[in-house]
Amino acid sequence: MLVQCTGRTATENLEKKHTYHLDSVYALVLPYGFSTPEIPADNRLTKRRVRLGRYLFFDPVLSADSTVSCGSCHLAERGMADTVRFSTGVNGAKGKRNAPALVNMAWQPSFMRDGGVPTLEMQVLSPISDPLEMAFNIAEASERLMHDSFYVREARLAYGRNPDPYVITRALAAYQRTIISGASDYDRYQKNRPSHVLSTSAEKGYRLFFSHKTDCSKCHSGFNFTDYSIRGNGLYRNYRDTGRARITFRKADVGKFRVPGLRNVAVTAPYMHDGSLQTLEEVVEHYNRGGQNHVNQDSLIRPLGLNAREKTDLVAFLQTLTDTAFLQKSMNYE
Amino acid sequence: MCNRYHSFLLVFFLLIGVSCEKENDRDPENEEIAECGNSGPQGTLRLNFHANWGGQNMALNTAYTGAGGYRYNIEMIRFFLSDIRTTDSLETENMVKDIVLMDYNDAVLRIDIPVEAGNYDGIRFAFGVRSDWNHSISPADVAPTHPLGINGNMHWDWSGEYIFIKFEGKADTTATGTGLFDQNMQLHLGNDTLYRERSWTGIPYTIADNQVTAIDFDFDVAAFLTDGTNHLDMKTQNINHTSMSQLPEAILFMNFFSEAFTLQ
């Protein structure tokens, strides 16, 4: 289990419907307040599948020169995000977007910063083939794995077939669906509001976050602090990266990106699609300023008129979203 | 939820299509879903596509003069032909093949499709990948040799979409046409808006049991870059990966490309 057992399991119903042995079912433990995620019928979670995916995630075997793994840029101690603006891929290549935090992916309806990829299984292909990341071909990666008796055995046990592209994409997706974080001070506060969990400043920030004064929670809503929408936050007046428009070709989508979740946000700096903001203070200041007035900027982004105390309170609240137990447990999986 | 369900069914049936190929020891490149349930008398519909360059014989890696007076050396023409349907005099359509990856390396591209015996009146197909397939199928979901599989190398993993056509080569864009072929051409085009359908009716043909019936098409590669009035300038529009700013040229190319196919 990745998180403390505070709720029901998502597999309770699945166990009745599917024929695989009960022992092999991976019991996805959901934190308080989390809904049951929809797991694809062709990739039900089992312990072997998740384990295989975890090995693949932290193994550089999927990159062209075997130097870069998924875990190279999605650091467990950083909430599965990177510490730098643009991650380093094979041969020192630099990416063009900031590596997102891979947390609570089981609920995410679309992937990539622009939301262009519809499934987690499909998303897995992108970093492997991206010349700025792993610079490899999943078919060649599969051939490489075929020479590794461990992966051949585990793939056959998990999926009944060799470690082919189907298995690689399924296993990596299965593992990522188990990366769940929801045991922060905020969650403890939500559960029964003990007075000692949040500091006075954080509690004020909590109220601000969910208030009409900031409207933060209009987009950063729900247990994962995102409504998964694609919006323009007015980071620039002119965008170098066209964002969602890269997928849709619509001018109205220039500068729009998927609203990120905020779980563990205090440890996932730098921020924004291009990692251009280094601190939470800079992020809060950006929103307080009301963005740069880009033509596609969301109407919710407007000058907030926060004073210094209020900005500090907001940051204090965002810091309560850190799930320390998750960070420690995730590191143990590497 | 409904879309996900449909996507799952689609992938399921594609995989079933692959399993049929294995069971029957057939060539996966020339199989499709529709065959699996076909049990009546059937023959073969053979579609031949004859390449030419402005009416001349055409070969890869050979210099030809074309649009803008430039010289061209074509190295790759790879594209999806999809949703191939027969039509009859009652305008009933039957999809006889879901998708084929056409990779030009010979004078004639040929597809053999098992079709139910009977009388037909027309044929239609499309260039590209149908939107519902384009956004729901991953190369990892199907066999590597499947047209949509890994081996085709026709997928943009960053957007989860297929490249409809790869047109590559080199051009000599010097004014005199005597320079080196040092202008790379790399047109990788794909997007739902670039899907193009063509149909031909009033061409009666009969598919007889265990017989081969051929329909021959010509495609003029020189016409991929021009319609005689407008043309794509390979001096400045030689690289296209269907970005937002490149979409107008991509649309122009796909219009030229689809119209370059004619019935013999």
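Helices here are DSSP runs of at least four residues (H or I), numbered from the N terminus. Keep that handy, and remember that this is a predicted model.

**Exercise 1.** Find where A:Gln297 sits in chain A, and decide whether A:Gln297 is buried or exposed.

*Solution.*
- Start with the helices: helix 13 of chain A covers 280-289 and helix 14 covers 308-319, and A:Gln297 falls in the loop between them.
- Next, check the relative accessible area, which is 14% for A:Gln297.
- The cut-off for buried is under 20%, so A:Gln297 counts as buried.

**Exercise 2.** Work out what surrounds A:Gln297 and which backbone atoms the side chain of A:Gln297 reaches.

*Solution.*
- Skip the neighbours within four places in sequence, and you're left with contacts to A:Gly232, A:Asn233, A:Gly234, A:Gly290, A:Gly291 and A:Gln292.
- Now look at the side chain: A:Gln297 gets to the backbone oxygen of A:Gly290 at 2.7 Å.
- A polar atom of that side chain also lies 2.7 Å from the backbone nitrogen of A:Asn293.

**Exercise 3.** Describe how chain B meets chain A, and name the residues in the salt bridge.

*Solution.*
- Count the residues on each side: 21 from chain B touch 26 from chain A.
- Then take the area: the two chains bury about 1900 Å² between them, with 64% of it on carbon and sulfur atoms.
- Go on to polar pairs: the rule finds 2 residue pairs in polar contact across the interface.
- Sort the chain B side that touches chain A, and you get 9 nonpolar, 9 polar and 3 charged residues.
- Finally, the rule gives 1 salt bridge across this interface. The side chains of B:Asp141 and A:Arg170 form a salt bridge, at 2.7 Å from N to O.

Terms used
Residues numbered from 1 in each chain as written. Chains lettered and ligands numbered in written order. Predicted model: local features only at pLDDT ≥ 70, side-chain atom pairs only at ≥ 80, totals over all residues. Heavy atoms only, no water. Contact = heavy atoms within 4.5 Å. Buried area = accessible area lost by both parts, 1.4 Å probe. Salt bridge = Lys/Arg side-chain N within 4 Å of Asp/Glu carboxyl O. Polar contact = N/O pair within 3.5 Å; in protein donor to acceptor, adjacent residues only side chain to side chain. Nonpolar A, V, L, I, M, F, W, Y, C, P; charged D, E, K, R; others polar. Helix = DSSP H or I, 4+ residues; strand = E, 2+ residues; numbered from the N terminus. Buried < 20%, exposed > 50% of the residue type's maximum accessible area, 1.4 Å probe, protein only.
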